[in-house]
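Morning, everyone. Please bring up the model on your screens, and I'll walk you through a few places in it.

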Amino acid sequence: MFKNYFGSEPQVRAQAPGRVNLLGEHTDYNDGFVFPTPLAYQTQVEASPSERVEAYAERFGEFRSRELGEGAQGDWLDYVAGCVWALRQAGLEVGGLRAYVTSQVPAVGGLSSSAALEVAVIRALRELYRLPLDDVQVALLAQKAEVEYVGVRCGIMDQMASSAGRPGQALFLDTRSLESDLVPLPEGYRVVVLDSGVPRRLAESGYNTRRAECEEAARLLGVKALRDVGLQDLPRVEALPEPLNRRARHVVTENARVLEGIEALRRGDVQRFGELMYASHASLRDDYEVSIPELDELVEVARKHGAIGARLTGAGFGGAAVALIKAEDFERFKSGVLKDYPKAQVF
């Protein structure tokens, strides 16, 4: 594709996956625990060096270009240019790039298509300019690009899942220390993404509000972050003013669900892991208030058709849910979900 558009062969090819989060929602910016897994869908970047940042995005059918020193302009090229900017800010000797971008990552809320693009671009730049970067450094630079250049205050989970995740495994990540461990997903089961068909209308403003509420709750509790509050501290959490008590309760219990869920998988208790997924959704719906009626309905439809567990995934306020099902039941599950919720997309 690069040759067809630019007239020459690319010097490098790189790719990175989208991700879906199984447990640990809205915990990453609270220094907590998350448990995402990479998807089979990839974003591919074919690239050669350039004196500018220029790219063609097949998904949009659009070419964009800018000088190395230019700032963000509010378009998709920000995610490419931001990666170049982040590497140069880190003192690495890189020039620009000419890139052709294709993506299989579904453009629905909650699957981290932006992180997949960032990681793929930095992997391409790493190869082009022979940079000594490991998976964690790639993730941190990708996050820096999104936070400081694009201007989205994301946590580290998406980029770490895309960079350090492995197919067929989930990534247990401590977002404070960045220590991680790969946990095999149970054999004979399949992770399914269910797009609600509802755009994430309030995701950005709602996300920023929830983040501020968590910071205020941590301040009132006298801790650096809600990560430092455990189940034993729930009486103090309950005493916080509304809605800070419920926001903090979600984070505390969600961290506990991640830890319990990992132990459940390691001992082969898939049913318990599924129960924790449903409990996570209830907490996101009632305590964190980031669900919407359509996502609640989709989770119940998934339950009706045999999902071991299901919950919203991503920021909420629309977007997608994730379900864990027996792999052999996928076609039956998919047809049942689509019968009861026709506007869904099932991946």
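I'll take a helix pair, then a glutamate, then some backbone angles. Keep in mind that this is a predicted model.

Start with helix H3, residues 113-128, and helix H5, residues 157-164. Their axes come within 9 Å and cross at roughly 50°. That makes H3 oblique to H5. The crossing is right-handed. Which residues meet there? From H3, Ala115, Ala116, Glu118, Val119 and Arg123; from H5, Asp158, Gln159, Ser162 and Ser163. The residues of this contact divide into three nonpolar, three polar and three charged.

Next, glutamate 213. Find it in helix H6, residues 203-221. Is glutamate 213 buried or exposed? Its relative accessible area is 14%, under the 20% cut-off, so it counts as buried. Its side chain makes a polar contact with the side chain of arginine 247, at 2.7 Å. Beyond its neighbours within four places in sequence, glutamate 213 is in contact with Pro243, Leu244 and Arg247.

Stay with proline 243. It lies in the loop between helix H7 (234-238) and helix H8 (244-266). The peptide bond from glutamate 242 to proline 243 is cis, with omega near -5°.

Now the backbone angles. Most residues other than glycine have a negative phi, and most peptide bonds are trans. Leucine 178 has a positive phi, near 65°. Look for leucine 178 in the loop between strand S6 (169-174) and strand S7 (180-184). Phenylalanine 317 also has a positive phi, about 60°. Its loop runs between strand S9 (309-313) and strand S10 (320-326). Phenylalanine 317 is buried, with a relative accessible area of 12%.

Note on methods: Residues are numbered from 1 along each chain as its sequence is written. This is a predicted model: local features need pLDDT of at least 70, side-chain atom pairs count only at pLDDT 80 or more; totals for chains, interfaces and linings use all residues. Side-chain values use heavy atoms; hydrogens and water are left out. Axes are lines fitted to C-alpha atoms, for helices over the stretch in contact, and angles run from 0 to 180 degrees between N-to-C directions. Helices (H or I, at least four residues) and strands (E, at least two) are DSSP runs, numbered from the N terminus. Angles under 35 degrees count as roughly parallel, over 145 as roughly antiparallel, 65 to 115 as roughly perpendicular and the rest as oblique. A crossing is left-handed if the near helix is turned anticlockwise from the far one by less than a right angle, and right-handed if clockwise. Contact means heavy atoms within 4.5 Å. Ala, Val, Leu, Ile, Met, Phe, Trp, Tyr, Cys and Pro count as nonpolar, Asp, Glu, Lys and Arg as charged, and the others, Gly among them, as polar. Buried means under 20% relative accessible area, exposed over 50%, partly exposed in between (1.4 Å probe, protein chains only). A polar contact is a pair of N or O atoms within 3.5 Å; within protein, one must be able to donate a hydrogen and the other to accept it, and residues adjacent in sequence count only if both atoms are side-chain atoms.
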